[in-house]
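Q: Could you walk me through this structure, please? I am new to it.
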Amino acid sequence: MIGYIIRRSIVAVATVWAVSVIAFAIIQLPPGDYVTAYIAQLQASGSSVSMEEAESLRQQYGLDKPIYVQYLRWVSQFARGHFGVSMLWNRPVKEVIGNRLGMTVVVTLGAVMLTWLLALPIGIYSAVRHYSLGDYVFTFLGFIGVAIPNFLLALVVMYLGFALFNANVGGLFSSSEMYLAPWSMDKVVDLLKHLWIPAIILGLSGMAQLVRIMRNNLLDELGKPYVVTARAKGLSEFKVILKYPVRVALNPFISTIGYTLPYVVSGSIIVSIVLGLPTVGPLLYQALLAQDMFLAGTIILLVGAMTVIGTLISDILLVWIDPRIRLEGR
Amino acid sequence: MSKKAVTEGAAAAEERIYVASQWQLMWWRFRRHRVAMLSAAVVAVFYIVAIAPEFFATTDPQLSEARRSLIPPEPIHWFDNGKFRPHVYAVAGYRDSMTFKMVWESDPNMKIPIRFFAQGFEYKLLGLIPTSRHLIGVGEGLEASDTIFLLGADVQGRDLYSRLMYGTRISMSIGLVGVLLTLIVGIFLGGVSGYYGGSIDNVIQRGIEIIRSIPTIPLWMGLAAAVPRDWSVVQTYFAITIVLSLFGWTGLARVVRGRFLSLREEDFVAAAEIAGASQFRIIFRHMLPSFLSHIIASTTLRVPGMIISETALSFLGLGMRPPAVSWGVLLQAAQNIQTIALSPWLMTPALVVIIIILAFNFLGDGLRDAADPYQ
């Protein structure tokens with residue numbers, strides 16, 4: 001098991017490294033560098049910068065050094081907890097991102113949790129009562145869930161919320177005072193009241209897939225002799241289904257989180273922009289539109305690293321829960 | 001029918017199945033899948049529109065006119081007093097003296113007849129043949145841009161229906177070109193990985209693992225935002241396609257690798273090797289045809305993903321940019337809740353996106369079932 005964890009950790013580190021290279025490339029891609037952009041910003045606000053000042057700024061930020069030195073400088077400041085300065089906000093990136101990263105985790109986990117909570121009973125129902133009306137309804141809903149991209153779904157939900165209830169369904173809190181207030185029980189309740197809409201929008205496609213897998217796995221299990229034996233021995237129907245077949249069929253629930261997580265995080269970025277959630281999504285969007293590449297690169301790296309760590313944790317949990325994987329890992 | 005005739009008929013049918021080619025068998029099986037057949041027709045219609053959007057459009061998609069801002073949809077009425085006489089009602093607008101908003105009203109007494117294959121604005125069919133015929137239009141002396149608003153108009157008074165037709169070209173073709181790029185990379189890397197195995201396979205598989213564990217949308221957004229603003233429509237188009245394909249090839253590479261791994265052990269490959277066929281010939285003459293159908297099916301299932309990605313990026317203003325017209329660009333107008341609430345017809349492009357995604361999914365499913373020989 002230790003060997004497996006080490007192997008997975010090495011892959012995780014390699015992945016974060018790959019993300020950091022791409023994020024750095026994104027920072028470097030636009031013509032000009034940080035200082036040119038900074039000077040342009042100053043000039044737009046009326047003040048001018050001399051050539052000497054620009055040169056000293058370049059030296060200060062190390063922009064006169066070769067590209068790999070710049071990359072190493074950029075990466076090493078992360079280790080020291082510095083994330084650079086955002087041009088758009090004129091404040092350290094760390095301050096700008098603030099608790100938005102935490103909110104991203106909340107929204108993502110909320111979506112995954114809701115996916116599990118709903119997919120489990122629906123999957124069992126669809127398998128036990130397969131080819132019933134309910135099964136067809138869920139299959140149809142599932143197909144819609146897979147087919148409609150989540151940002152369009154968010155758009156439609158926004159419109160329906162407005163047209164039917166005349167309410168704004170966006171945001172994670174009732175008011176901006178609530179968002180800025182320190183954490184309390186009221187704030188958590190308020191968050192939970194708003195969280196379910198983005199969670200469903202984000203989780204729908206993953207849920208549809210999970211229901212399909214659960215249904216098919218359980219259908220396979222239900223036909224096996226041990227189920228017939230249990231039933232012949234007079235166990236209650238509840239026990240016959242839930243005690244053994246469901247437990248065996250549950251396996252994909254844990255094993256799929258590894259590759260659903262990147263999709264959910266991806267989706268949360270764009271859904272947050274549409275629904276105006278206080279996650280890193282809208283921040284990344286604004287940074288990209290304003291070509292504030294330092295902020296954008298940092299967000300991309302942080303979101304990527306977060307996803308990789310989440311996947312790593314889920315993989316380790318999987319090995320811990322299901323001993324069969326351990327053998328393959330060796 | 002006598003019993004003998006029935007058995008003879010069955011034997012003839014069996015005979016037909018024995019001599020049918022692989023593609024014929026697939027076609028027969030595919031034909032039984034009603035929804036997939038319907039979806040194939042929908043996809044075909046969309047591609048016909050994508051080839052000649054000018055013919056289906058009623059007005060020039062760039063023709064803006066503040067006077068026509070946000071005219072609501074005005075559907076075609078097919079019958080007039082029980083006779084087939086397609087027409088639209090004339091639209092007249094006035095400014096509300098209280099809110100200063102334009103209010104549009106259609107006048108059922110003013111009927112404007114619709115003509116088919118009518119004269120309209122001039123364009124070049126397929127970029128070659130100059131003509132001014134359009135599928136629908138109005139008679140002499142009237143301008144289509146002033147009278148026909150099938151799906152309403154946007155804020156700048158441009159006809160949404162015509163813009164939707166033009167948007168089909170970019171959105172549908174980006175899906176196709178993007179998937180073609182991923183297919184090339186996927187077949188190459190997946191094939192190398194599956195055919196040679198060993199350490200090359202290991203390196204490529206770890207690479208795929210890494211790419212798949214990265215959330216792609218933030219990366220796409222970052223790369224797309226780095227596309228210079230002053231690039232032309234064509235340059236942006238290709239840049240966006242490449243950005244989308246950059247992380248999209250891993251799924252296909254996995255499918256191809258899996259097929260190669262299982263086929264490598266087959267007798268006919270061993271026979272070809274013993275007969276002294278070159279590697280090139282084994283791969284392209286013997287192995288590729290036997291899983292081509294499967295590749296086509298999984299490629300079809302990947303087109304909607306591309307279309308969604310392009311729509312999402314353009315919707316955010318990071319992908320295709322005006323004056324280019326794509327479904328995502330059109331949806332930009334539906335970005336804020338006020339606009340949607342007041343003029344919900346601006347969301348029609350979303351409906352079109354959903355229809356084509358469903359169609360591609362059903363088509364792909366049908367193709368996959370038809371291509372699966374073990375059923």
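A: Domain bounds, to begin with a term, come from an automatic or database domain assignment. This is a predicted model, in which local features need pLDDT of at least 70, side-chain atom pairs count only at pLDDT 80 or more, and totals for chains, interfaces and linings use all residues. Residues are numbered from 1 along each chain as its sequence is written, while chains are lettered from A and ligands numbered from 1 in the order in which they are written.

Q: Into which domains is chain B divided?
A: Chain B has domain 1 (65-157) and domain 2 (163-370).

Q: How many residues does each chain bring to the contact between A and B?
A: Chain B contributes 34 residues and chain A contributes 38 residues.

Q: Which helix of chain B supplies the largest share of its side?
A: H8(B) does, with 8 residues. Helices (H or I, at least four residues) and strands (E, at least two) are DSSP runs, numbered from the N terminus. By class, the side of chain B that touches chain A holds 26 nonpolar, 5 polar and 3 charged residues.

Q: Changing topic, in which sense do strands S2 and S3 of chain B pair?
A: Strand S2 (residues 83-95) of chain B pairs with strand S3 (residues 102-125) of chain B in the antiparallel sense, over 9 bridges; two strands pair if DSSP finds at least two bridges between them. B:Ala90 is opposite B:Asp107 in S3(B).

Q: And what lies between those strands?
A: S2(B) and S3(B) form a hairpin with 6 residues between them, and B:Phe100 in the turn has a positive phi of about 60°.

Q: Finally, which element of chain B has the lowest mean pLDDT?
A: Helix H1 (residues 3-19) of chain B has the lowest, 66; pLDDT is the predictor's confidence in each residue, from 0 to 100. Where pLDDT is low, the predicted coordinates should not be read in detail.

Definitions and conventions. Contact = placed C-beta atoms within 7 Å. Nonpolar A, V, L, I, M, F, W, Y, C, P; charged D, E, K, R; others polar.
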